[in-house]
Amino acid sequence: MTVVAVVPARAGSKGIVDKNLRTVAGRSLIARSVVVLQSCPSIERIYVSTDGPEIAAEAERHGASVIMRPEDLASDTASSEGALIHALETIGHLSASDQVVFAQCTSPFVDPETVERAISRVRSGEYASVFSAVPFHGFVWRTDGGAEGVNHEAATRLRRQDRPAEWLETGAFYVMDVAGFLERRHRFFGRVGVEPVDSRHAIEIDEPDDLRRAQAMAADVDPLGPAALDGRQIRALVMDFDGVHTDDRAALTSSGEESAVVSRSDGMGIALAKRAGLALLIISKERVPIVERRADKLGIECISGCDNKLRALRHWADEREVSCDHIAYVGNDVNDVACLRWVAWPIVVADAHPSLLLEFACVTRRRGGTGAVREIIDAIIASTNDQIEKEL
């Protein structure tokens, strides 16, 4: 019996531009889905169905296979079932006894254990189709000239414990018998079961407020936790200057010259990073001598007076043939967001702007200018050594 997963990820989005590439706790929504499904032992292969090249690249970067869907299945009116049918027909080698997990990346907090339980319930023959849901106890009304109770008698207000159990579909995942789905052409068929999920994980991202809420919740409810630094994968460390190498303050003389306090510990960290073979770059919007002088003293490359950090970073990476998969970027403010979203290893310092602390999960313990750079470099080197020891 084979179990495959299909994740639909259309490029067009009306509520949030590039929604499936937006990040929660340092991972894009499409990456989060792939990571969750990779954590399920029963799933043998993960496919992402998309019409977007950037989504395809992000999916492949995290180990998923990509199925490019035709234009007629990528419109606002195209159905999810249509995309799933196309994906299964493209895969082509599945038998009548196989199963498919249909996972929506707009649900960022999926616990792999709940997906695995749902798979086992379909595999055992208990159900032909299982979907994620949370218990629901609300009183639903419809209005058509006047309010009318839908799931209750308005004249009889039962206590919560006296009402029959109801379930609210979360949209996070569906597990189905492949043959049954292809025959019926919809996701609910045969004996349908419910897989209960934690209500804190039930958020679905459709509007900007949903994304902000998910980013704010991540530190407390994220089943995946922050992505750990992997020194064997990181080949380059790119750093903002003000607020990362400094505490974001500058002293100004009467002649207009700036000075700032930097950390000697960070300097030692840079020396260790160079010895470890990391490519190093400081990139700063400020065009002041102190940035270049600090880079010269450290013996690393510097791009200053940069109005478009992402464009400069991409050019630098292309010249050195380093892909974004192998770059860690350290930032502290909103002009770092584009670079942080582009690289595989986004890191923010402890005193970064609050919006960055909400969006990116990898946060240093130290504040900018007080050893944050050294902390990151120590973590990268330590993770490399740990992996080497495990292999020995």
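**Figure 1. Aspartate 378 forms a salt bridge with arginine 374, with 3.1 Å between the closest N and O atoms.** A salt bridge here is a side-chain nitrogen of Lys or Arg within 4 Å of a carboxyl oxygen of Asp or Glu. Both residues lie in helix 12 (residues 372-391). They sit 4 residues apart, about one turn of the helix. Helices (H or I, at least four residues) and strands (E, at least two) are DSSP runs, numbered from the N terminus. Aspartate 378 is partly exposed, at 33% relative accessible area. Arginine 374 is also partly exposed, at 22%. The cut-offs are under 20% relative accessible area for buried, over 50% for exposed, and partly exposed in between (1.4 Å probe, protein chains only). The model is predicted: local features need pLDDT of at least 70, side-chain atom pairs count only at pLDDT 80 or more, and totals for chains, interfaces and linings use all residues. Residues are numbered from 1 along each chain as its sequence is written, and side-chain values use heavy atoms, with hydrogens and water left out.

**Figure 2. Arginine 117 pairs with glutamate 195 in a salt bridge.** The closest N and O atoms are 3.0 Å apart. This pair links distant parts of the chain, 78 residues apart. Arginine 117 belongs to helix 4 (residues 112-123), and glutamate 195 to strand 11. Arginine 117 is partly exposed, with 37% relative accessibility. Glutamate 195 is buried, at 3% relative accessible area. The whole structure holds 23 salt bridges.

**Figure 3. Lysine 309 and aspartate 336 meet through their side chains in a salt bridge.** The N to O distance is 2.8 Å. Lysine 309 lies in helix 9 (residues 309-320). Aspartate 336 lies in the loop between strand 17 (327-331) and helix 10 (337-342). The two are 27 residues apart in sequence, so the pair ties those parts together. Both partners are buried: lysine 309 has a relative accessible area of 5%, and aspartate 336 has 0%.

**Figure 4. An open sheet of 7 strands runs in the order 5-4-1-6-10-7-11.** Its pairing is mixed. Two strands pair if DSSP finds at least two bridges between them. Strand 5 (65-68) and strand 11 (192-196) stand at the edges. Each has a single partner strand, so one side of each lacks a neighbour in the sheet. Neighbouring strands are turned by 30° against each other on average, direction ignored. Axes are lines fitted to C-alpha atoms, for helices over the stretch in contact, and angles run from 0 to 180 degrees between N-to-C directions. Strand 7 (residues 129-136) and strand 10 (residues 166-177) run antiparallel, joined by 7 bridges. Proline 135 has tryptophan 167 in strand 10 as its bridge partner.

**Figure 5. Strand 6 is largely enclosed by the rest of the structure.** The reason is burial: 5 of its 5 residues are buried. Gln99, Val101 and Ala103 point one way from the strand. Val100 and Phe102 point the other way. Strand 1 runs parallel to strand 6, with 4 bridges between them. Strand 10 runs antiparallel to strand 6, joined to it by 5 bridges. There, phenylalanine 102 has tyrosine 174 in strand 10 as its bridge partner.

**Figure 6. Helix 3 (residues 80-91) lies across several strands of the sheet.** They are strand 1 (3-8), strand 4 (45-50), strand 5, strand 6 (99-103) and strand 10. Helix 3 runs at about 115° to strand 5. Contact means heavy atoms within 4.5 Å.

**Figure 7. Helix 1 (residues 29-38) is mostly covered.** Of its 10 residues, 9 are buried. Among them are Leu29, Ile30, Arg32 and Val35.

**Figure 8. The structure has 0 disulfides.** A disulfide requires a pair of cysteine sulfur atoms within 2.5 Å. For cysteine 40, the closest cysteine sulfur is in cysteine 105, 15 Å away and too far for a bond. Cysteine 40 is buried, at 1% relative accessible area. For cysteine 306, the closest cysteine sulfur is in cysteine 339, at 7.6 Å, again too far for a bond. Cysteine 306 is buried too, at 8%.
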